[in-house]
Amino acid sequence: MSLIHRTPTSAGIGLRLPHIEEAVATQPSVGWLEIHPENFLVNPHASELLVALANHYPVSVHTVGPSVGSATGLDRRHLARVRALVDRVDPVLVSGHLAWSTHGAEYLNDLLPLPYDEETLTLVSEQLSQVQDELGRPFLLENPSSYVGFAGSTMTEVQFLKELVDRTGCRLLCDVSNVYVSAHNMGYDAHAYLDGLPADAIGELHLGGFTREEDEATPGSDVLIDTHATRVAEPAWNLYAYAVRRFGRRPTLIEWDNEIPDLSTLVEEARRANDVAARACEPEARRVAH
């Protein structure tokens with residue numbers, strides 16, 4: 001295995017189509033690149049540029065289409081197309097969301113929540129195992145950003161995720177910003193959430209910007225929306241430092257999908273992630289040295 005295909009521990013950026021030609025030309029100083037395969041499946045030119053970049057950077061594939069929580073089954077044609085791209089790029093990681101976004105042949109432009117109960121756990125476990133079989137490699141499952149919960153849930157999100165790891169052998173993508181957003185919206189302790197996750201299952205971390213909006217259902221309060229349209233907020237950086245101390249250094253992605261800035265801004269945010277992670281690890285490094 002070449003050096004560029006080893007899983008990095010530094011920060012990377014989400015490679016979006018507006019930046020791909022500049023990235024090929026300038027080869028920005030970041031540890032790795034993550035792509036949404038759905039942006040490349042019907043874009044041959046972008047796919048060729050991606051293959052060129054894969055010769056210089058580790059690449060991670062972050063899917064938005066498999067819909068492991070769908071009650072109407074997986075779209076195997078879509079999975080086959082993703083598999084073809086995965087085989088071509090040979091990514092270091094492949095990941096997706098704990099959510100549902102399809103109903104039959106209809107694709108919904110959202111990642112919708114699931115009730116956390118045994119019936120859902122059985123469904124998601126079976127379909128997650130099928131995704132891993134179809135793609136021929138482990139799949140990292142990302143915790144959602146939450147705005148509502150289900151009264152019928154019989155387990156917490158952390159318990160649900162741990163059960164999925166145990167039943168399917170999948171790993172977890174811990175979106176730290178999603179943890180912060182969900183903890184604010186749902187009224188739980190973000191640090192306790194991170195403490196409850198199985199550290200050895202965490203394969204990747206995400207950071208993205210959120211937007212604060214007035215909560216129309218509760219006048220005078222606000223809700224955080226995971227928009228990926230701004231810089232990472234200071235409280236999320238603080239929570240990220242806690243996550244690094246909890247899990248150790250993990251490949252960390254800067255996500256920015258809306259109101260996309262200059263490529264240099266993404267590179268700057270990735271550098272900050274590296275700096276925050278390095279400082280978070282300093283006490284442990286001093287302890288080991290002593």
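# Spaces and salt bridges in a predicted model

Modeller: About 70 Å³ of space lies in the largest cavity of this predicted model.

Biologist: Nice start. Which residues lie nearest the centre of the largest cavity?

Modeller: Val64, Pro66, Ser67, Val68 and His97 lie nearest the centre, out of 13 residues that line the largest cavity. Two elements, strand 4 (93-97) and strand 5 (100-103), each give two or more residues to that lining.

Biologist: How many cavities of 30 Å³ or more does the count come to?

Modeller: The count comes to 1 cavity of 30 Å³ or more.

Biologist: OK, on to pockets. How much space lies in the largest pocket?

Modeller: The largest pocket holds about 1,300 Å³ of space. Its lining has 50 residues, and those nearest the centre are His97, Asp110, Leu111, Ser145 and Asp226.

Biologist: Which elements give two or more residues to the lining of the largest pocket?

Modeller: Those are strand 6 (106-112), helix 5 (157-168), helix 6 (176-186) and helix 7 (190-196). Strand 6 gives the most, with 6 residues.

Biologist: How does the lining of the largest pocket split by class?

Modeller: That lining has 24 nonpolar, 17 polar and 9 charged residues.

Biologist: What about the second largest pocket, which residues line that?

Modeller: Its lining is Glu38, Leu41, Asp75, Arg77, His78, Arg81 and Tyr107, around about 160 Å³ of space. By class, 4 of these residues are charged, 2 are nonpolar and 1 is polar. Helix 3 (residues 76-89) supplies the largest share, 3 residues.

Biologist: Then what does the Glu157 side chain have a polar contact with?

Modeller: The side chain of Tyr116, in a polar contact of 2.7 Å.

Biologist: How many salt bridges does the count come to?

Modeller: The count comes to 12 salt bridges. One of them joins the side chains of Glu48 and Arg88 at 2.5 Å, N to O. Glu48 is in helix 2 (residues 44-54) and Arg88 is in helix 3, so this pair ties together parts 40 residues apart in sequence.

Biologist: Why do Glu48 and Arg88 count as partly exposed?

Modeller: Buried means under 20% relative accessible area and exposed means over 50%, with partly exposed in between. Glu48 counts as partly exposed because its relative accessibility is 46%, and Arg88 does because its value is 42%.

Biologist: Which salt bridge links distant parts of the chain, with Arg231 in a loop?

Modeller: Arg231 pairs with Glu269, at 3.0 Å from N to O. Glu269 counts as buried at 3% relative accessibility, whereas Arg231 is partly exposed at 37%.

Biologist: And inside helix 5, how far apart are Arg167 and Glu163?

Modeller: They are 4 residues apart, about one turn of the helix, and their side chains meet in a salt bridge of 3.3 Å, N to O. Both count as partly exposed, Arg167 at 38% relative accessibility and Glu163 at 30%.

Biologist: Which residues do salt bridges that share partners join into one network?

Modeller: Glu118, Glu163 and Arg167 are joined into one network that way.

Key:
Residues are numbered from 1 along each chain as its sequence is written. This is a predicted model: local features need pLDDT of at least 70, side-chain atom pairs count only at pLDDT 80 or more; totals for chains, interfaces and linings use all residues. Side-chain values use heavy atoms; hydrogens and water are left out. On a 1 Å grid over the protein atoms alone, a cavity is a set of points where a 1.4 Å probe fits but cannot get out, and a pocket is an open set with protein on both sides within 12 Å along at least five of seven lines; lining residues have an atom within 4 Å of a point. Grid points are joined across faces, edges and corners, and a volume is the space filled by probe spheres set on the points. Ala, Val, Leu, Ile, Met, Phe, Trp, Tyr, Cys and Pro count as nonpolar, Asp, Glu, Lys and Arg as charged, and the others, Gly among them, as polar. A polar contact is a pair of N or O atoms within 3.5 Å; within protein, one must be able to donate a hydrogen and the other to accept it, and residues adjacent in sequence count only if both atoms are side-chain atoms. A salt bridge is a side-chain nitrogen of Lys or Arg within 4 Å of a carboxyl oxygen of Asp or Glu. Buried means under 20% relative accessible area, exposed over 50%, partly exposed in between (1.4 Å probe, protein chains only).
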